[in-house]
Amino acid sequence: MAPETPGHGPGGGNQTQETLSNLLQETRRFEPPADLAAAANVTASAYDEAQRDRLAFWERAAERLSWADRWDTTLEWNPPFAKWFVGGRLNVAYNCVDRHVEAGNGGKVAYHWEGEPEGDSRTITYSDLQREVSKAANALLELGVRKGDRVAIYLPMIPELPISMLACARIGAVHSVVFGGFSATALKNRIDDADAKVVITADGGYRRNAPSALKPTVDEAVAECPQVEHVLVVRRTGQEVGATDRDVWWHDLVDRQSDQHTPEAHDAEDPLYILYTSGTTGKPKGILHTGGGYLTQTAWTHQAVFDLKPETDIYWCTADIGWVTGHSYIVYGPLANGATSVIYEGTPDTPHRGRFWEIVQKYKITLLYTAPTAIRTFMKWGDDIPAKFDMSSLRVLGSVGEPINPEAYVWYREHIGGNRCPVVDTWWQTETGAIMISPLPGVTAAKPGAAMRPLPGISADVVDDQGNSVPNGGGGFLVVREPWPAMLRTIWGDDQRYIDTYWSRFEGMYFPGDGAKRDEDGDLWLLGRVDDVMLVSGHNISTTEVESALVSHPKVAEAAVVGATDPVTGQAIVSFVILRGSAEESDDIGAELRAHVAKTLGPIAKPRQILVVPELPKTRSGKIMRRLLRDVAENRSLGDVTTLTDSSVMNLISEKLPSAKSED
Ligand code: 6R9
């Protein structure tokens with residue numbers, strides 16, 4: 001979701017001394033638990049080591065993997081094109097699967113898979129995974145897939161999804177996973193852009209207590225994709241599927257394959273996968289990742305940020321594998337580390353709103369990684385739901401996807417983590433491939449809402465409009481100054497767009513499109529997309545700070561704010577809020593919340609309007625789409641709604657604004 005037009009952002013080009021206001025003051029601190037700190041995988045010395053010699057630090061991280069041939073050059077940097085571990089050769093699937101079996105851990109569980117229908121579960125050991133991946137690799141070879149070919153994967157959250165990805169990685173084919181909620185047009189565009197010759201899908205998956213079909217969408221998409229030679233179909237729901245002459249059932253083809261396959265080593269810089277960003281507008285960008293650097297950083301960060309102890313931890317990342325979080329922290333990072341993970345197919349409210357906590361209790365999850373959108377939903381549903389479950393197994397909690405409001409962080413810490421577990425707020429992107437900015441659970445005295453410091457080996461900074469570092473207490477643009485192993489290598493088929501989108505705003509720096517501030521202690525706070533920044537009476541105010549102030553009111557579960565044109569102040573702040581389950585909507589809630597924001601952040605940030613709404617528009621990966629709220633607030637007809645999860649939400653919101661009309 002990086003900007004299409006670098007140069008948009010705080011200041012709108014008309015720069016004053018202040019790039020982005022720093023309004024929110026937060027004094028709460030959470031020290032790492034002493035026992036965790038004493039046994040932590042990574043200690044404070046890692047920062048010094050990486051500081052002394054960044055490349056040597058990443059070499060040591062790469063040495064955690066098994067290489068067929070060691071690299072001769074750690075980094076080849078022809079800005080903005082990076083190559084890591086040049087000359088090195090490895091097989092990513094071997095690293096994720098076979099080497100654990102060879103080390104005697106074949107009986108260890110790789111995945112506890114939990115289907116949405118209760119009681120529908122599967123346990124997959126590393127030996128099972130080795131056999132399944134080998135069979136799938138042999139099947140792809142039989143279908144004519146060769147090294148470098150692209151395979152589109154459009155599957156629900158079932159074991160065949162990671163198995164398919166690993167089968168591609170094993171033979172050197174490039175996977176392009178398309179989130180199972182995307183439309184036929186979106187799927188077709190992605191198949192075309194990557195020129196995929198095989199599509200792997202299923203009849204359907206389970207969602208909200210019902211089978212939800214996938215195959216008809218694939219049929220519609222591939223009808224217009226002559227380059228697709230085969231469609232490999234997993235039977236999951238048993239729904240009727242229309243058969244075409246390109247279709248082949250997974251159980252017919254894969255089940256009869258040999259479960260032996262010898263992985264060959266691939267170049268560290270051979271493509272591993274393409275993943276289209278969850279961008280809100282424009283042609284999707286195919287973010288290209290390669291094997292060696294990507295696996296190095298996902299594996300290192302996963303054991304560092306979650307303090308993973310593979311022998312004892314049970315880890316659960318609730319993301320969909322269709323997003324980068326699932327690629328890096330359900331599939332590649334955890335498997336490279338030999339972890340035991342849980343994969344859950346369904347939604348958090350099926351068959352009841354305690355499903356997540358029931359899963360935590362059932363598998364005795366120790367490490368949990370989820371998103372602010374989910375945490376705010378749980379806050380809205382009420383504290384009594386998680387209270388019914390035994391979650392004493394948990395020891396580290398993670399957050400990713402959006403800035404986490406301090407109040408949501410504290411709620412997560414208290415109601416899920418029993419005030420015992422550190423919360424790590426991890427900032428990164430599809431483009432960065434792996435976590436970049438995050439606390440370390442055994443080192444950092446964390447502040448609620450702050451991603452804190454760049455991880456060892458990462459040179460992130462906050463700069464002003466001219467690209468100069470802002471002093472402590474200042475806000476501006478987040479940038480990365482040095483290449484990192486898991487960075488995107490380019491946009492698939494479009495080097496120029498890669499240069500324009502990420503490397504043109506600031507000379508020699510990667511610009512992710514996010515705003516940030518560096519507080520008085522030098523710690524980093526992410527402030528949302530710079531395109532969303534509001535310009536009120538000459539001040540650049542981030543949506544994040546105002547939203548966090550609203551969420552800090554006991555009646556508010558979730559908030560989204562936008563700047564709407566205002567004759568007096570340039571832009572005025574319009575807020576959309578969802579109340580907590582326990583709060584009643586009263587006539588004076590608007591006045592109460594406006595006063596609360598003014599008191600928390602100062603009068604400059606006081607919203608002009610507060611609208612209580614039942615839902616907020618979100619992307620399919622759960623990020624608030626402020627652009628559409630801006631359309632509502634400014635009485636415009638709605639822009640592109642194709643990436644919205646549920647377009648009826650916009651009608652519900654428009655009804656709340658008497659003067660606004662939605663033409664959706
Ligand atoms: C991993 C992922 C990337 C964008 C990113 C930023 C936002 C993600 C965040 C965060 C604040 C965090 N974002 N994590 N903002 N704090 N901890 O989400 O990838 O789907 O590509 O989105 O998400 O705006 O630029 P992706």
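Reader: Which side chain has an N or O atom 2.6 Å from an oxygen atom of the ligand?

Author: Thr430. Keep in mind that this is a predicted model.

Reader: How much of the ligand's accessible area does the protein cover?

Author: On its own, the ligand has 530 Å² of accessible area, and the protein covers 96% of that.

Reader: How many residues surround the ligand, and which are the closest?

Author: The count is 17. The closest are Asp425, Thr426, Thr430, Asp514 and Arg529.

Reader: Now the sheet. How do strands of a sheet pair?

Author: They pair through backbone hydrogen bonds, either parallel or antiparallel. Here, an open sheet of eight strands has mixed pairing. Read the order as β12-β11-β8-β6-β7-β14-β15-β23.

Reader: Which strands stand at the edges?

Author: β12 (247–249) and β23 (490–491). Each has a single partner strand, so one side of each lacks a neighbour in the sheet.

Reader: Do β8 and β11 run parallel or antiparallel, and how many bridges join them?

Author: Parallel, with five bridges between β8 (residues 198–202) and β11 (residues 230–234).

Reader: Which strands does helix α6 lie across?

Author: Helix α6 (residues 160–171) lies across β6 (150–154), β7 (174–177), β8, β11 and β14 (271–276). Its angle to β6 is about 175°.

Reader: On to the backbone. Where are cis peptide bonds found?

Author: One runs from Pro79 to Pro80, with omega near -5°. Pro80 sits in the loop between β1 (73–78) and β2 (81–86). Another joins Thr350 and Pro351, with omega about -5°. Pro351 belongs to the loop between β17 (340–344) and α12 (355–363).

Reader: Which residues other than glycine have a positive phi?

Author: Among them are Arg208, with phi near 50°, and Asp307, with phi near 55°. Arg208 is in the loop between β9 (204–207) and β10 (210–213). Asp307 is in the loop between α10 (291–305) and β16 (314–317).

Reader: Is Arg208 buried or exposed, and what about Asp307?

Author: Arg208 has 52% relative accessibility, so it counts as exposed; the cut-off is over 50%. Asp307 has 2%, so it counts as buried; that cut-off is under 20%.

Note on methods: Residues numbered from 1 in each chain as written. Predicted model: local features only at pLDDT ≥ 70, side-chain atom pairs only at ≥ 80, totals over all residues. Heavy atoms only, no water. Helix = DSSP H or I, 4+ residues; strand = E, 2+ residues; numbered from the N terminus. Buried < 20%, exposed > 50% of the residue type's maximum accessible area, 1.4 Å probe, protein only. Pairing = 2+ DSSP bridges. Contact = heavy atoms within 4.5 Å. Axes fitted to C-alpha atoms, helices over the stretch in contact; angles between N-to-C directions. Near = heavy atom within 4 Å. Polar contact = N/O pair within 3.5 Å; in protein donor to acceptor, adjacent residues only side chain to side chain. Areas by Shrake-Rupley, 256 points an atom, 1.4 Å probe, with all protein chains shown as cover.
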